[in-house]
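Please keep the sequence and the structure in view while reading.

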Amino acid sequence: MNPLGITLVLGLLAGVWAQINVVRPQCDSPEAEEAALVARDYLNTQHTHGYKYALNRIEDIKIHTKPDGDNTYMLEIELLETDCHVLDPTPLANCTVRPKILTAVEGDCDVVLKRVGGALTITAFKCKTEESTEDLCVGCPTLLPLNDTTALEFVQASLATFNNMTVNGTYTVMEVGRMSSQVVSGGPIYFAEYVVVEANCIDDACVPLNDTMAARGICTAKGLSTDHTVDCKMFLTLMPVVDNSTAAMPPAVHVHTGSLSPMHGLRHHKLTTLHDPHLSGLLSESAESAEVVPVAPTVVDAGVASAPAADPASPTAADPADAGSASDSSASAEVPVVVVKRDVSAPAIVDTVTQTDPIALVPVCPGRVRFF
C-alpha cells in the first residue's frame, strides 16, 4: 500500500477510535440494575416452556456510548429458575426461587441492549441453561429426565386421580415441568409438576381444547402410581403478567400433545438459547453458549464495531455441552465484514469506570448475589 493509502486508513481508524467511549459502571449501580431487569423480563417473555427466571447476579456490564446518545449495553447476567410456570400470572416478585437442595436450574445470558429515546430495548441475546449440582445431599430428591417412563406413568396416574375429583371438566397434560425421585425405606417415591389444560374426552381419548378460555393450571403430585397425593392450582388468566412495560409481548400458548413423552432426555426446560443470530455480532465474548455467532453487517457500526474481549477470569465460562442452536450460525458467514479492532494503547479511547476512588475497595463487577 502506498504512503497516501496508509495515511488515509490511519486517519479513518483514528476517527473511529475518537468516537468510541466504553464506560464500565458498577454492576450494582442503578443503570446496570435497570438494564438487567429489562433483560430478565424480556427473556422470560421469550421463554415459552417451563418456569420463570429471577435475576440472581449481574456478572458484567459495558456501555458503548456515542456522541449522538445511541448507547449500546453489553450485559452478562445470571438467572435462577423459580417455581412459577411461564403461564402462571403470579408476578415474578411473588415467585420463589428453587433452593439448591431441590436442584436449582440457572441460566447464564449475554444480552445486548440499545437505549433509544430514553428506553432500553433488546437487540440480541444468547443463553445457556444448566443444573446446579452444588449442595446436593444423599437421599434428597434428584431430577429425572422428562422422558422417564416410570415417572410419566406416575404423572398419568396422578392426573387420573385429579380428574376423578373434578366435577366440571376433564383435563389432560399440556406440559411436564419437572419430575424427580427420592429413595426412602421401601423404595423410590416420585414428585412431579405438570401443566394441565381442559380437554374434550371420548372414552379414554382426550383432545386438549385449543380455546383461549380453556381452563389451565399446574399440578404437583407426590408418591407412587398406586398411592399418591395430587394438588392442582388453576390459573386465573391465560397469559402471564409482564412486570416491565419495555418487555416483549407475552408468549403465545401452544398445546403440546406430545409433551407427556418428550423425545429428549433433558431433566429441565431450557431458556431460549439464541435470539436473531443476524443481530448478535455485538454479543460479548464470554461464550455463555457454545455456538459461534457471526458478525452481521446490520450491526457493524463505526462506533461499536468490535466488542471488547471478556476478562478470561470472568466467572461466566463456556460450556461445550450446551451448544443448543447453532444451525443459524452460517446464515451470514459468506458476507465480508470489516471489523475494526481496538488498540488498547490508543490514547483516544476512553475506558472509564464510574468510580470516584482511584482504588476500588470492592470489585466493580460482578455484582452482589441475590439468592445463592
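## Strands 6 and 7

Thr142 is placed opposite Ser181, a residue of strand 7. The model under discussion is a predicted one. Strand 6, covering residues 142-143, pairs with strand 7 in the antiparallel sense, and 2 bridges link them.

Strand 7 itself spans residues 170-184. Of its 15 residues, 11 are buried, and the strand is thus described as mostly covered.

Strand 8 comprises residues 187-202 and runs antiparallel to strand 7, to which 13 bridges join it.

Strand 7 and strand 8 form a hairpin, with 2 residues between them. In this turn, Gly186 has a positive phi of about 100°.

## Further partners of strand 8

Strand 8 also pairs with strand 10, which consists of residues 216-223. This pairing is antiparallel and extends over 8 bridges.

Strand 9, made up of residues 205-208, is joined to strand 8 by 4 bridges, and the two run antiparallel. Here Ala199 faces Pro208 of strand 9. Strand 8 and strand 9 form a hairpin that has 2 residues between the strands. Asp203 in this hairpin takes a positive phi near 60°.

## Phe162 in helix 3

Helix 3 covers residues 149-165, and Phe162 lies within it. Is Phe162 buried or exposed? Its relative accessible area is 10%, so Phe162 counts as buried, the cut-off for that term being under 20%.

Which residues does Phe162 touch, leaving aside those up to four places away in sequence? They are Tyr171, Val230, Cys232 and Met234. Among them, Tyr171 falls within the range of strand 7, residues 170-184. Phe162 and Cys232 are 70 residues apart in sequence, while their C-alpha atoms are 7.8 Å apart in space.

## Overview

Strand 8 takes part in several of the pairings described above: with strand 7 over 13 bridges, with strand 10 over 8 bridges and with strand 9 over 4 bridges. Helix 3 contains Phe162, a buried residue in contact with Tyr171, among others.

Notes: Residues numbered from 1 in each chain as written. Predicted model: local features only at pLDDT ≥ 70, side-chain atom pairs only at ≥ 80, totals over all residues. Heavy atoms only, no water. Buried < 20%, exposed > 50% of the residue type's maximum accessible area, 1.4 Å probe, protein only. Pairing = 2+ DSSP bridges. Contact = heavy atoms within 4.5 Å.
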